[in-house]
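Load the model and keep the sequence beside it. The paragraphs below go through it element by element.

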Amino acid sequence: MRVLVIEDEKKIASFVRNGLREEGFTVEVCHRGDEALELLTREPFDLAVLDIMLPGRDGLSVLRVLRERRIGLPVLILSARGETSERVEGLDLGADDYLAKPFSIDELSARLRALLRRQSGENLSLYKVEDLTLNLVTREVRRGPHLVDLTPREFSLLETLMRSPGRIFTRTQLCERVWEYQFDPGTNLVDVYIQRLRRKIDDGAPSKLLQTRRGVGYYLGREG
Amino acid sequence: MKNWSLRRRLQILTASVVATALVIFGIGTAINLYYEQREALDERLSEEVAPVLEQMEDAADPRPWLADPTTLEILELLPRASIIGPGDPGEVLLRSPDAPDLSGLNLGAASGFRTILVNGEKVRLGLFQAKGLRVVVAGDLTELGEIVSDLMLAYLLALPLAVLAAAFGSWWITEKALGPIAAIAATAEAVTAQRLDHRLPAADTGDEIAHLGRILNRMFDRLERSFHTAQRFSADASHELRTPLTIMRGRLEEALRQPGRARADESLLADLLDENIRLSSITENLLLLARADAAPLELHLAETDLTALVEETLEDAEILASARSLTLERDLPPPLLWSVDQGRLRQVMLNLLDNAAKYSEPGGHIRVTLTSSETACVCTVSNSGPEIPAGKAGKIFERFFRGNDARGGADRGAGLGLSICRELVHAHGGTLELAANRRGHIEFRFDLPRRPLQTTACAGWPTASS
């Protein structure tokens, strides 16, 4: 999968490139709006990650011209401003998704993957790790053949972990993702949910999937 | 008088001033008139008596002169004159037909005028000396009194009319004078954060009102400039703060992903990452408050089952509560559809529940209720904590305000939670308040007015948690 990352801030572009490469994307980086437009017109890309504030030509203008030229590749907008109006404008111009800075690289790659699956018509509603499956449409979770009954929060927590299997999430990261709210770190809310989730998906199963990395956080996958 | 309008007060003040002035003027005029009239009377009496005095002076001996028939004729012309002999009381030697009876009165010897009571009637007497005798002429004061009382009556009748006229006049004048001020107030009210370009019409009358208008317009200019500066700051700050935060986060996540790190390093990186997220969240909240100051917050409204949304947050509340051995009570209606921004409202609920758990005494309870009416739904979150001290209760919604942590440790929150909640509820058209604050019952209450379902372009747009 060929992704063009258009981002003028070189350090951001660099970790995005590294992160997406690790996830198996082929990444090219471009720092200017006008160059990006030329590249996208000339070469085939599967995806574009587009910053809004760019030298040469701003991101929204790049997007407008792309759509005018009937170049329909999925575009994810990155913005450091995060104003709702900007989000709406991007959407109106034909963006496919929007992510506000600061963002997490696994969030970005999960969204890009979702865009690709949407593009290819592939079933994007099912996540699978080993014999654990999570269906976003039916909201069914199964461990092997057994149906697991989860509360909405537990479901949302598991979904976050399953979108990036093997990746360690810190408590604060999970709080941010699942609750969209900053709890006092003294609150053991995340730990309690993890324990509950672990009881529901791992109890009685031959292998444990929900792992703790002491002093760091939690991840989903085989121990190691 | 405190609650009366300026116009009403001016009217009453004007009427009172006019009434007082008229009364003073009336009394002054009456006194003046009385003395003037009396002086005129005295003068007339002197003139009348002058020929008699002349004749008496001319006569060698006044006593036989008194018996002279011509004298009597002359005295006929002075119907109220008496001639009195020396001594006090002197003998009345001669008395005209209409003259008052002065016998037995001590009139003194000095010439001049005096007012005395004769048989219960006020009489003006003029006393003149001639050849050792006294000629006393009486003048009628009744007429004089009538003139003065007529005048007073006229004044008394005119007074209410004049006061009424003054009241109406001042009402009209103040309308004229205050009208432009009312117009200024209306325009000033219309100048809001959204319509900062509104200005008062420039009047070129050069009067105080025009001056006030110019001053206010200059003030609006400054206000508009600082609002725009604040808005620009919010946008610039967003970019300037988020960029380094993004880089830090990206690099930390990258480092944390590298395999084969020592546990200590991993732990350090995780701590730094958590702090980075916390810092991002504080930045986000500050920017949200800055935006809320400049314009109403934009919401992603969608028809939502509020009961389910609250239930969902109670799932968290149960955990927060059980950690502190608190019981959780709820009183929720059957599914209640309401047009709200789910993410924002969840944030409000979590914040209130988090606070309720944090400030409850162990073994206490948290109680959540949700009710609805035709016009609004009301949610309360109460807990059984110690009351918020009076000095702090008024400040809990202020930014960066931090209450004493009930657990004795340092509160790690940035003190923005409640001020954010208040802004978010406000954006929904409601208000968040501290509804009860006594020992054992601290209650936060917010309402969400019913509004027509608005679908924004962003409805259904994926959020960070989707």
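Predicted model: local features only at pLDDT ≥ 70, side-chain atom pairs only at ≥ 80, totals over all residues.

Helix H4(B) bends by about 40 degrees at Leu178(B). The bend at a residue is the angle between axes fitted to the seven residues ending there and the seven starting there. A proline, Pro180(B), follows within four residues. Helices (H or I, at least four residues) and strands (E, at least two) are DSSP runs, numbered from the N terminus. H4 of chain B covers residues 142-190, which is 49 residues. The expected span of a helix is 1.5 Å times one less than its number of residues.

Residues are numbered from 1 along each chain as its sequence is written, and chains are lettered from A and ligands numbered from 1 in the order in which they are written.

Now take chain B as a whole. It holds 10 helices and 12 strands. Of its 466 residues, 24% count as buried. A residue is buried if 20 or more other C-beta atoms lie within 10 Å of its own, exposed if 12 or fewer, and partly exposed in between; the C-beta atoms are placed from the backbone. Two residues are in contact if their C-beta atoms, placed from the backbone, lie within 7 Å. Among the contacts in chain B with a separation of 6 or more, 63% join residues 24 or more positions apart.

Chain B also has an open sheet of five strands. Its order is S2-S1-S5-S4-S3, and the pairing is antiparallel. Strands S2 (92-95) and S3 (112-118) of chain B stand at the edges, each with a single partner strand, so one side of each has no neighbour in the sheet. Neighbouring strands here are turned by 30 degrees against each other on average, direction ignored. Axes are lines fitted to C-alpha atoms, for helices over the stretch in contact, and angles run from 0 to 180 degrees between N-to-C directions. Two strands pair if DSSP finds at least two bridges between them. S4 (residues 121-130) and S5 (residues 133-140) of chain B pair over eight bridges. Phe128(B) stands opposite Val135(B) in S5(B).

Stay on S4 of chain B, where Leu127(B) lies. Is Leu127(B) exposed, partly exposed or buried? It counts as partly exposed, because it has 19 C-beta neighbours inside 10 Å. Leaving aside neighbours within four places in sequence, Leu127(B) is in contact with Leu107(B), Ser111(B), Gly112(B), Arg134(B) and Val136(B). Ser82(B) is 45 residues away from Leu127(B) along the chain, and their C-alpha atoms are separated by 9.7 Å.

Turn to chain A. It has eight helices and 11 strands. Buried residues make up 43% of its 224 residues. Residues 24 or more positions apart account for 55% of its contacts with a separation of 6 or more.

Chain A has an open sheet too, with four strands in the order S6-S7-S8-S9 and antiparallel pairing. The edge strands are S6 and S9 (146-148) of chain A, each pairing on one side only. The twist averages 20 degrees from one strand to the next. Four bridges join S6 (residues 126-129) to S7 (residues 132-135) of chain A. There, Val129(A) has Leu132(A) as its bridge partner. S8 (residues 140-143) of chain A pairs with S9(A) over three bridges, and Arg143(A) stands opposite His146(A).

Next, check the backbone angles. Most residues other than glycine have a negative phi, and most peptide bonds are trans. Glu130(A), in the loop between S6 and S7 of chain A, has a positive phi of about 55 degrees. Glu130(A) is partly exposed, with 15 other C-beta atoms within 10 Å. Arg139(A) has a positive phi of about 60 degrees. Arg139(A) lies in the loop between S7 and S8 of chain A and counts as exposed, with 12 C-beta neighbours inside 10 Å. A cis peptide bond joins Lys101(A) and Pro102(A), with omega about -5 degrees. Pro102(A) lies in the loop between S5 (97-100) and H5 (105-120) of chain A.

Last comes the interface. The contact takes 52 residues from chain A and 44 residues from chain B. On the side of chain A, helices H1 (10-22), H4 (84-92), H6 (152-163), H7 (171-179) and H8 (189-202) each supply at least two residues.
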